[in-house]
Amino acid sequence: MMLEILELSKSYGAVAALSGVSFSAERGKVTALLGENGAGKSTLVKILSGLVVPTEGKIALDGHIIDTSTPDRASKSGVAVVQQEISVLPNLSITENFMLTAPSALLRRAKAASACRAYLDRLGLGDVDVGRPTGSLSVGERQLVEIARMLAQDAQVLVLDEPTAALGDRDIALVHQAVRRLAAEGKVVLYITHRLNELEEICEQAVVLRNGQVADRFATADTSIARVIYAMVGRELNELYPAVGNRAEPDGSSASNLVLTGLRTAGLLGSVDLDLKPGEIVATAGQIGSGFVEPLRAVAGVTAMTAGTMRLQGKAYSPRNHRERCSAGVAYCSADRQLDGFFPDRPVWETMSAPALAASGLWGSANGQRLRRSTDRLADRMTISLAYRDRAVRALSGGNAQKVSIGKWLSNDPQLLLVEEPTRGVDVGARAEVYRVIRSLADQGLSVLFASTDLDEVLGFGERVMIFHNRRQVETLPASALTRDKLATWITHGSCNG
Amino acid sequence: MVAAMVDLSGVRTTASQSAQSKGRGSVAVSLQSLAPIAPIALIFVIAAVAIPGFASGPNLIAVVQASAITGIAAIGAAAITIVGKFVSLAIEQQAVTAAYVFTAVLSIGQPVAVAVAATLIVAVIIGAVQGYLVARGLNPIVTTLAFGSALFGAVVLLSNNRTITLRHNPLAWLGGGTSWGVPNQAVVFVILLAIGTVFLSHTRLGRQIVLCGANPKAAELIGIPISRLVIIAYISAALASALVGMLVVGQVSQASSNMFDGLTIDVVAAILVGGIAIQGGEGQLWRAGVGALILTMLSNIMLLLGLDAGVRLLLKGGLAAAVLLAMTVMRRRSR
Amino acid sequence: MSRLDKGLGLRLGLSILLIVICAIEVDGFATMATLASIVENVALIGLLAAGLMLTMVAGQLDAAVASVAAVSAIIALLLGPYSLVLGIVVALVVAGLYGCGIGWIIARTGVSSLVLTVCMLIGLRGLALILVPQSPAVLADGLLWVSDGLVARVGPTTVLGIIGLVLILALGLGMRCTRLGLSLYAVGGNLERARGSGVNTTKVYMVAFAGSAMLAATAGILAALRSGSASGTGLDSFLLDGVTAAVVGGVSLEGGRGSIINVLLGSLIVRIIAAAAALLGMQSSVESIATGCILLAMLLLDDALGTRRGMKTAARWRVLGRPLRT
């Protein structure tokens with residue numbers, strides 16, 4: 001009695017997101033699904049939830065092939081998925097969210113309210129009013145509502161995509177408890193996580209994906225963390241991250257590029273301090289919701305600073321909008337660069353030259369040919385092939401599109417680069433190149449501040465790490481003084497002893 | 001298929017040559033971008049052969065003149081489309097306002113320069129207010145619908161719904177005159193189209209308007225002042241409508257509240273039929289002019305064939321919907 | 001929930017305030033005849049607004065309601081000499097099929113509903129003019145009793161008012177008590193999440209646009225039966241009136257929000273002002289100024305509330321439920 005994934009493949013054009021993935025997950029056990037960003041986990045989840053149709057392969061439950069070609073059919077086949085981006089609708093109440101996935105065409109509000117009350121109690125949300133719009137709940141509470149909704153659907157296969165990534169310790173325990181109960185009820189549970197400590201806590205077996213293929217399978221009880229990491233990364237970490245170039249050792253006298261003193265925002269409970277030197281790459285790390293993105297956003301002018309000072313190259317700096325930030329020479333890439341990093345239908349050179357165009361003001365003439373040629377040098381520095389110059393950005397591969405969205409800032413000759421999640425959605429090969437390019441820019445004097453939930457990236461690519469926990473900056477340490485386990489402890493507990 | 005290729009081959013080569021001479025490379029040159037030119041030639045040839053009276057001088061001048069009015073308004077309104085705010089439903093109200101302001105100032109004895117200046121200032125204000133509202137994030141279509149209603153009500157109220165007739169018309173030469181046999185309105189249309197096209201591709205403002213329409217979020221992040229660009233787009237639409245208002249006053253020497261009935265529909269249809277990407281971010285202004293020309297030619301042909309207003313409207317709507325859907329589907333396919 | 005109640009209280013208070021002011025200040029306002037005509041018109045505009053609400057809640061907008069209403073009214077009256085019931089049924093079925101088609105196209109191609117329905121607004125107006133090119137379609141002499149019957153007084157309203165209100169309340173009940181109704185809110189709240197929650201979005205769009213078209217058709221037919229005629233150029237103020245009532249009734253153009261009771265109150269507020277303006281002998285131009293200004297003010301208010309709810313500039317560039325780029 002089990003869920004079987006049979007030779008599943010999915011390719012987007014020439015790019016294979018999954019190729020020939022096969023494994024099985026038994027009922028009554030929690031199966032961990034591991035893999036780096038871009039390993040194919042999210043594609044697999046989308047196939048299971050019916051959002052993506054596989055190019056080849058089948059899925060079987062208890063020996064019968066099941067149909068997951070649409071979300072509707074997937075859920076009728078008994079597969080329920082809690083996406084990373086949860087699908088609870090913020091404008092509906094908790095009860096209404098429950099009724100949305102219920103089979104009956106007529107709504108019985110009172111009955112549904114008492115039914116979902118029971119599920120919420122099981123998950124420890126006993127004190128929450130079921131008539132409240134889910135938009136007013138905390139992220140953790142919404143996650144639990146999502147899981148409760150799955151419980152109510154009586155699904156046989158439950159796929160949880162990083163259910164605890166955004167949760168605090170108390171909620172994590174609640175989710176773990178719920179997951180164990182689901183497994184004990186005899187359901188198939190696929191548990192996707194980045195937290196290796198969760199492996200031992202609740203998972204009995206694990207499947208590791210890498211580059212769209214199954215890299216390893218094992219029972220968690222008798223496996224070392226080293227084997228897990230090797231299976232996920234598939235090579236030594238130091239190959240991925242470039243070495244720090246030759247640069248004068250930052251002594252006390254060398255000018256700082258960005259100095260944050262006592263910085264506070266509405267999203268932080270404590271203040272943030274940072275002294276960023278030219279050519280330095282500093283990471284901010286923390287769990288989702290721990291406030292680790294706040295300093296970047298405050299410097300970017302996206303969120304307002306409520307207290308403290310920011311100094312850029314010795315001058316007071318407090319951008320009220322993106323325009324003021326750009327004219328101060330600060331470049332910013334949000335986490336959602338697919339959406340706001342480039343102009344998908346316009347040729348590559350237009351995106352690459354856009355920051356310079358914007359900086360030149362509104363009035364005056366603009367020579368398209370000159371703008372187009374001016375991007376050649378940038379493309380060269382970013383190692384983007386000249387052949388792509390006149391193609392629409394949409395036609396580029398993910399890695400090249402990322403390089404365009406980061407590299408466009410070079411046209412403006414910035415002093416400081418802020419990047420959220422530098423390699424989200426980039427496959428491993430292209431990741432190394434993105435790191436290398438940013439590193440070489442830093443070696444020419446650019447300061448980089450990046451926020452990342454990927455611990456390996458934080459340790460491998462950052463020189464120093466600002467650690468956040470519970471919306472406070474708890475420590476800033478050189479990356480060389482940290483290990484993966486230590487950093488994981490820091491961001492989950494806010495101290496170095498868990 | 002082969003027959004069609006032969007028919008259009010001449011059109012195609014000249015068009016692709018001109019596209020290549022611009023040096024835009026692989027993005028610019030595609031059959032898709034040439035599609036609207038072919039129908040004009042096709043319609044013209046068929047109509048000239050099949051319909052007596054179509055190819056006559058006076059009729060062609062009438063077509064050009066009629067398409068000039070729609071075309072000028074469409075050039076301005078296309079700025080709204082290109083900046084990513086779909087279409088305006090207040091175009092005819094803006095034109096009526098301009099016509100009344102112009103005639104009112106003239107009829108109290110002011111010189112023509114003052115009248116033109118007053119009209120343009122009013123247009124700038126009208127455009128700026130709408131642009132500000134839309135830039136704040138209000139729904140563009142509903143905002144212009146509401147604004148147009150209020151504007152029209154105000155004009156009718158202030159003028160007591162009277163028709164103002166000019167005894168002396170200082171713009172008659174521009175509105176009704178011809179140069180070398182070509183109506184001056186058409187000359188204005190062509191000049192504006194050329195200026196607009198150059199403006200969009202050769203000025204910082206124009207290029208940033210296109211980028212804003214292509215992806216407002218990305219534009220905002222790199223420091224393009226998107227709100228200001230939206231306001232500028234609405235001002236340019238209002239200015240174009242004002243120009244239309246003055247040109248038609250120059251032609252007919254009077255202002256009345258119903259003089260521009262149907263202009264909004266014509267302009268929206270022209271923009272859609274011309275094939276300007278309705279989601280914004282494509283700076284092909286000439287498509288607005290082509291759309292105006294196609295629609296006016298079709299209207300004229302149907303008039304000559306004795307088809308009435310209903311059929312003409314149905315065809316406008318149907319054609320606009322067809323081009324809109326075709327472009328949407330093609331866009332999705334190309335991904 | 002609390003915000004909904006606050007909105008309801010606000011609109012109820014505003015309506016009562018307006019009624020009291022008008023009753024004191026405007027001669028001839030506090031009569032049964034005025035009341036009956038206000039309620040009748042509230043029902044008529046409410047039908048339109050309720051239809052628009054279906055599409056607005058789903059995050060779209062049907063800009064073609066005025067033309068749909070005109071075409072339907074003409075079909076009903078043209079078939080009237082054979083059988084009025086047949087005419088009405090045919091008109092409603094045609095409108096329903098048209099709406100299903102539009103909804104299907106929007107769901108399948110992802111085309112902007114605003115722009116597509118503006119095309120339909122143009123095209124269907126043409127169709128109306130083709131059906132009745134010269135003189136308007138009129139109700140056959142033998143059927144004039146229908147016209148009289150519709151405006152017959154029943155308590156504080158008329159037969160037409162009761163028909164309209166019953167239909168609107170039935171729709172409200174349907175939206176509140178069926179999963180389909182809930183799905184409309186879900187799709188308008190977030191299309192992707194709704195899909196992820198197992199909602200058949202194509203069906204939802206088809207239902208929304210079919211409902212919008214059929215309600216507009218109903219309003220058009222009732223208006224035509226009341227006046228006894230339907231012209232090719234008639235009913236063109238329906239779009240502005242309907243959108244104003246819906247927006248005053250708190251339906252968000254962002255999608256996902258709106259309730260029938262509030263829409264009815266919104267229609268009431270709009271009609272009280274119109275009735276008072278008419279009684280004061282104001283020109284129709286004043287009414288169009290008032291309508292435009294009320295609509296703009298409500299849009300601004302809605303936007304201000306949206307900003308306070310913490311939406312960023314970028315989010316406000318969303319166009320009717322779909323992100324600009326997907």
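Trainee: Domain bounds, as I understand it, come from an automatic or database domain assignment. Which domains does that assignment give for chain A?

Mentor: Chain A gets domain 1, covering 2-238, and domain 2, covering 240-493. Keep in mind that this is a predicted model.

Trainee: How many Å separate the centres of domain 1 and domain 2 of chain A?

Mentor: Taken over C-alpha atoms, the two centres in chain A are 32 Å apart.

Trainee: Let's look at the sheet with β13 in chain A. What's the strand order there?

Mentor: The order is β16-β17-β18-β13-β19-β20 in chain A, an open sheet of 6 strands with mixed pairing.

Trainee: Why do β16 and β20 of chain A each have one side without a neighbour in the sheet?

Mentor: Because they stand at the edges: β16 (330-333) and β20 (472-478) of chain A each have a single partner strand, so one side of each is left open in the sheet. On average, neighbouring strands here are turned by 15 degrees against each other, direction ignored.

Trainee: And β13 with β18 in chain A, parallel or antiparallel?

Mentor: Parallel: β13 (residues 281-285) and β18 (residues 447-452) of chain A pair over 5 bridges. To pick out one residue, A:I281 has A:V448 in β18(A) as its bridge partner.

Trainee: Which strands does helix α18 of chain A lie across?

Mentor: α18 (residues 484-493) of chain A lies across β13, β19 (464-469) and β20 of that chain. Against β19(A), the helix runs at about 35 degrees.

Trainee: Staying with chain A, how many residues of helix α15 are buried?

Mentor: 9 of the 10 residues in α15 (residues 398-407) of chain A are buried, which makes the helix mostly covered. The buried residues of α15(A) include A:N400, A:Q402 and A:K403, along with A:V404 and A:I406.

Trainee: Switching to chain B. What's its secondary structure like?

Mentor: Chain B has 15 helices and 4 strands. Of its 335 residues, 54% count as buried. Among contacts in chain B with a separation of 6 or more, 79% are between residues 24 or more positions apart.

Trainee: How many residues of chain B are in contact with chain A?

Mentor: 24 residues of chain B are in contact with 33 of chain A. On the chain B side, α9 (184-202), α10 (204-214) and α11 (216-221) each supply at least two residues. By class, the chain B side that touches chain A has 9 nonpolar, 10 polar and 5 charged residues.

Trainee: And how many residues of chain C are in contact with chain B?

Mentor: There, 43 residues of chain C are in contact with 47 of chain B. The helices of chain C that each supply at least two residues to that side are α4 (84-109), α5, α11 (238-248), α13 (284-308) and α14 (313-316). α5(C) gives the most, 14 residues. The chain C side that touches chain B has 27 nonpolar, 12 polar and 4 charged residues.

Trainee: Let's zoom in on α5(C). Where is C:V118, and which residues does it touch?

Mentor: C:V118 is in α5 (residues 113-131) of chain C. Leaving out residues up to four places away in sequence, C:V118 touches B:V87, B:V268 and C:A63. C:V65 is 53 residues away from C:V118 along the chain, with 9.8 Å between their C-alpha atoms.

Trainee: Is C:V118 buried or exposed, and why?

Mentor: Buried, because C:V118 has 29 C-beta neighbours inside 10 Å, and 20 or more is the cut-off.

Notes. Residues are numbered from 1 along each chain as its sequence is written. Chains are lettered from A and ligands numbered from 1 in the order in which they are written. This is a predicted model: local features need pLDDT of at least 70, side-chain atom pairs count only at pLDDT 80 or more; totals for chains, interfaces and linings use all residues. A residue is buried if 20 or more other C-beta atoms lie within 10 Å of its own, exposed if 12 or fewer, and partly exposed in between; C-beta atoms are placed from the backbone. Two residues are in contact if their C-beta atoms, placed from the backbone, lie within 7 Å. Two strands pair if DSSP finds at least two bridges between them. Axes are lines fitted to C-alpha atoms, for helices over the stretch in contact, and angles run from 0 to 180 degrees between N-to-C directions. Ala, Val, Leu, Ile, Met, Phe, Trp, Tyr, Cys and Pro count as nonpolar, Asp, Glu, Lys and Arg as charged, and the others, Gly among them, as polar.
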